[in-house]
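Subject: Structure handover

Hello,

Here is the structure for your files. Please open it alongside this note; the findings follow below.

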Amino acid sequence: MSDTAQKLSKTTVALHWVVGLMMIGLLAVGVYMEENEVYSLYPIHKSLGVLILLVVLPRVINRMRNGWPEPASQYTAIENILSRITHYLLIVGTLLMPISGVLMSAMGGRGVYVFGLELFGKNFDAVDPTKIAPINESLAGLAHSLHGWGGDILIVAIALHVIGAVKHHVIDKDGTLRRMLGKSI
Ligand code: HEM
Ligand code: HEM
């Protein structure tokens, strides 16, 4: 079944919540581990960050194929523009974060592992093999900046997105949130 104005497909609803909750978890762990230098969390963050691609890719393909769901009720023009911009930021961010994460780790020479399974090996310095050597320092640096800024922008976009969803449910009392919970409106 595809999305209609009255009901969203099970695929849309399932992909939204699986990806959305994983993204919130990865953003929280990412900020926490980096601010507090909790290096034991890095491998878990990186593993789940790679695995999320298995659901992000079908989600993005599904969205590109089917277009955005029609609004659940009559929104103002400003609301339509703001929600469209936010949805673009959210969907681009869900792709950009795992890709920039993989790129910065791989090009930084630190390797990419999924719960111990090597996807991209570590790169050791030729002179001092106890040290890690970047493979492409400028690409790793660019990916690192994208990962940091992307994370900050996403956190703001998610906050606006959730405030919007609560506003529709509590103030406008329309079916926007109920429809994303799989119900007909
Ligand atoms: C949806 C997936 C991901 C999200 C939402 C995410 C989010 C974040 C966030 C918010 C930070 C903190 C950035 C900061 O405070 O400046 C972070 C740090 C980090 N992430 Fe991710 N990440 C994801 C995937 C990945 C992947 C796939 C990798 C590597 C394979 C990765 C590796 C790292 C590393 C190494 C850091 C710490 C960087 C440092 O210490 O300078 N992340 N991530
Ligand atoms: C508790 C958190 C969340 C709530 C309550 C929520 C709620 C909603 C609701 C009600 C809609 C439908 C909007 C409409 O019909 O115009 C929606 C759509 C959407 N949400 Fe969320 N959301 C949450 C978290 C997230 C997160 C973390 C992301 C991505 C990082 C995300 C990405 C999207 C996208 C891209 C859409 C557009 C429709 C689609 O692609 O399926 N959401 N959300």
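**Aromatic pairs**

Searching the whole structure turns up 2 aromatic pairs. This is a predicted model: local features need pLDDT of at least 70, side-chain atom pairs count only at pLDDT 80 or more, and totals for chains, interfaces and linings use all residues. Residues are numbered from 1 along each chain as its sequence is written, chains are lettered from A and ligands numbered from 1 in the order in which they are written, and side-chain values use heavy atoms, with hydrogens and water left out.

Rings of Phe, Tyr and Trp (its six-membered ring) pair if their centres lie within 6.5 Å; planes under 30 degrees apart are stacked, over 60 edge-to-face, and the rest tilted. Tyr-39 and Tyr-42 have ring centres 5.2 Å apart and planes at 55 degrees, so this pair is tilted. Tyr-39 is exposed, at 53% relative accessibility. Tyr-42 is partly exposed, at 26%. (Buried is under 20% relative accessible area, exposed over 50%, partly exposed in between, with a 1.4 Å probe and protein chains only.)

Trp-68 and Tyr-88 have ring centres 5.1 Å apart and planes at 75 degrees, so they are edge-to-face. This pair links distant parts of the chain: Trp-68 sits in the loop between α3 and α4, Tyr-88 in helix α4, 20 residues apart. (Helices are DSSP runs of H or I, at least four residues, numbered from the N terminus.) Trp-68 is partly exposed at 23%, and Tyr-88 is partly exposed at 46%.

The largest pocket holds about 1,200 Å³ of space. Of its 45 lining residues, Ser-83, Thr-86, His-87, Leu-90 and His-161 are the closest to its centre. (On a 1 Å grid over the protein atoms alone, a pocket is an open set of points where a 1.4 Å probe fits, with protein on both sides within 12 Å along at least five of seven lines; lining residues have an atom within 4 Å of a point. Volume is the space filled by probe spheres set on the points, which are joined across faces, edges and corners.)

α5 (137-170) gives the most to this lining, with 13 residues. By class, the lining has 27 nonpolar, 11 polar and 7 charged residues. (Ala, Val, Leu, Ile, Met, Phe, Trp, Tyr, Cys and Pro are nonpolar; Asp, Glu, Lys and Arg charged; the others, Gly among them, polar.)

The second largest pocket holds about 890 Å³. Met-33, Glu-34, Met-104, His-144 and His-147 are the closest to its centre, out of 33 lining residues.

Best wishes

Methods
Helices (H or I, at least four residues) and strands (E, at least two) are DSSP runs, numbered from the N terminus.
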